[in-house]
Amino acid sequence: MATDRPSRWNHCAHVAYRAPVQTKVAIVGGGPAGMLLSHLLWRSGIDNIVIEQRSREYVEARIRAGVIEQGTGDLLRSLGLGSRMDREGFVHEGITISNTRAPFRIDFMSLVNRSVMVYGQTEIQKDLYDSAAGADWPIIFEAEDVQVHDLTTGQPSVSYTVHGEQFFVEADFIAGCDGFHGVTRHAIPSNVRHEFERLYPFGWMGVLSGTPPVSHELIYARHPRGFALCSMRNPMLSRYYIQCTADTVAASWSDDQFWDELRLRIPVEAAESLVTGPSIEKSVTPLRSYVSEPMQWGNLLLAGDAAHIVPPTGAKGLNLAFSDVYYLAEALTERYSTGSSTALDGYGERALLRVWKAVRFSWWMTTMLHTFPDAGEFEHRMQETELSYLAGSPAAQTAMAENYTGLPF
Ligand code: FAD
Ligand code: DHB
C-alpha cells in the first residue's frame, strides 16, 4: 500500500488526508452500480476508490428496486455476495397481469425456464457495503462538491470536500456511477452528448407496509382508474404502487385513501383478501425513459442511472446498472491484464445495445398498462388488443418472459 494512504479507510467518518491519492479507477457514486464495480475490480486485482456523497446509512435506507433478474443473481453469487440473498430472497417463477380486474398469469418457468428473485435493493446495498467493509476497501462517504477534472488527459482526477476540507484522487479512469442526478454525465461536452427522453404524464405512489403480501407473486394491473402493482419484500412486508398524477404529494394522501384506491384497481379476489396497515414509507416517483449517448468520453466511463433511466414498470433499472458494470469491469480487466484497450473502447456501444432493449421493454410495459390522460379511443383499443394478444399467445408471453427474467449479458 502506498505510504501516503491512510491504513484504514473511512466507512463512516472521514480520515483527514490532503495529498492526492493515486488509484487505478476512481468510482464516483457508491450506489449499487459503483459498489458492484468496486467488487468486480478488486476481484481482478484493480485498485479503486469509491466516492459517495451521502452517508452509508442514507444509501442503505433508500427504498427502490425489488426484482432482480436471474443473471443479476448469478453475478452476485459469483462474487460471494449471494448467500443472504439465497436465504432471505424469494424465487418467483411467474407474474400475474390483470386487465380491468381480470387476471392472467405469465409462467416464466414453462416459457423460458428462467425465474427472478425478489430481494430488495436495500439488502443488496447492505451486502455490497458489508463485504467491502470486511475487506477494508476504500469508500469515502459524505463527499461534497464532487468534481471531475482532466478527463481527456492521461491523469484525470476527482476532487471533493469533507467538512470543508478539499481532497483529490488521481486515477487512470473515472467511472461515473453517480445516478441520474449526479455530476459526471454533465462533464461530457454538450456538443458531444445526445440525449433521448420520454417523460410520462404520471408518477407512481409507493407504499411499504408491515403486512402480508396480497399474493405470492407480483400483480401488474391495468385499470381505467390507473395502473397498480402489488409487490413484496418478505412474508410480513408488502410493497404496493399506484399510478398517480406527476405532481402528487405523497403526504397529501392518507393511508386509507391509498388502500381504497389500490383495492379498486386490482383483481377482485386480491382486493377482498388485501391486508392493510399503516405505511412505513410513502413516496412518489416520476416516470421517464432517458438515454445519454455516448456512455464514455476520454477517460470517463458512465454506468447505470448516470447514463440512462427507465420507468420502473419492467423492473429493469438496477439490473441494467449491473449489466453495464459487468461489461465495464470486463473491459477494464482486459486493459490491465493485457494492455489492450479494444474492449474498453467498445464498452459504451456494447452496453447501449442491451440498454436500448431494456428501454424498449420498459416503455412497452408502461404503455400497455397505464392510463394516459390524452389517450383517445384508438389508444384504448390498442391497449386492450395488446393485453388480449398477450393473454392468448404463447409467443407473446415468451417474449415477455424472456425480457422480464433478463436478456443475457
Ligand atoms: P443510484 O442508485 O442512483 O446510485 C447513485 C449513487 O451516487 C447514490 O448513492 C448517490 O448518492 C451517489 N451520488 C449522486 N451524485 C453524486 C455526486 N455528485 N458525487 C458522489 N456521489 C454521488 N430497478 C430494478 O431493476 N428493479 C426494480 O424492481 C426497480 N424498482 C424501482 C422502483 C422505484 C420506485 C425506483 C425509484 C427505482 C426502481 N428501480 C428498479 C431502479 C433502480 O433503483 C435504479 O436503476 C438503481 O438504483 C440504479 O443504480 P445506480 O447505482 O446506477 O444509481
Ligand atoms: C418493484 C418495483 C418495480 O418497479 C417492479 O416492476 C416490480 C417490483 C418493487 O419495488 O418491489
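Glu144 sits across from Thr161 of strand E11. This is a predicted model, where local features need pLDDT of at least 70, side-chain atom pairs count only at pLDDT 80 or more, and totals for chains, interfaces and linings use all residues. Residues are numbered from 1 along each chain as its sequence is written, and side-chain values use heavy atoms, with hydrogens and water left out.

Now for the strands around that pair. Strands here are DSSP runs (E, at least two residues), numbered from the N terminus, and two of them pair if DSSP finds at least two bridges between them. E10 and E11 (residues 157-162) run antiparallel to each other, with four bridges. They belong to an open sheet of four strands, ordered E1-E12-E11-E10, with mixed pairing. At its edges are E1 (21-22) and E10 (144-149), each pairing on one side only.

Next, the backbone. Most residues other than glycine have a negative phi, and most peptide bonds are trans. His163, in the loop between E11 and E12 (165-170), has a positive phi of about 50 degrees although it isn't a glycine. His163 is exposed, at 70% relative accessible area. Exposed means over 50%, buried under 20%, and partly exposed in between (1.4 Å probe, protein chains only).

Arg101 is another non-glycine with a positive phi, about 80 degrees. Look for Arg101 in the loop between E6 (94-99) and E7 (102-107); with a relative accessible area of 27%, Arg101 is partly exposed.

Finally, Glu293 and Pro294 are joined by a cis peptide bond, with omega about 0 degrees. Pro294 lies in the loop linking E18 (279-293) and E19 (296-297).

Notes: Chains lettered and ligands numbered in written order.
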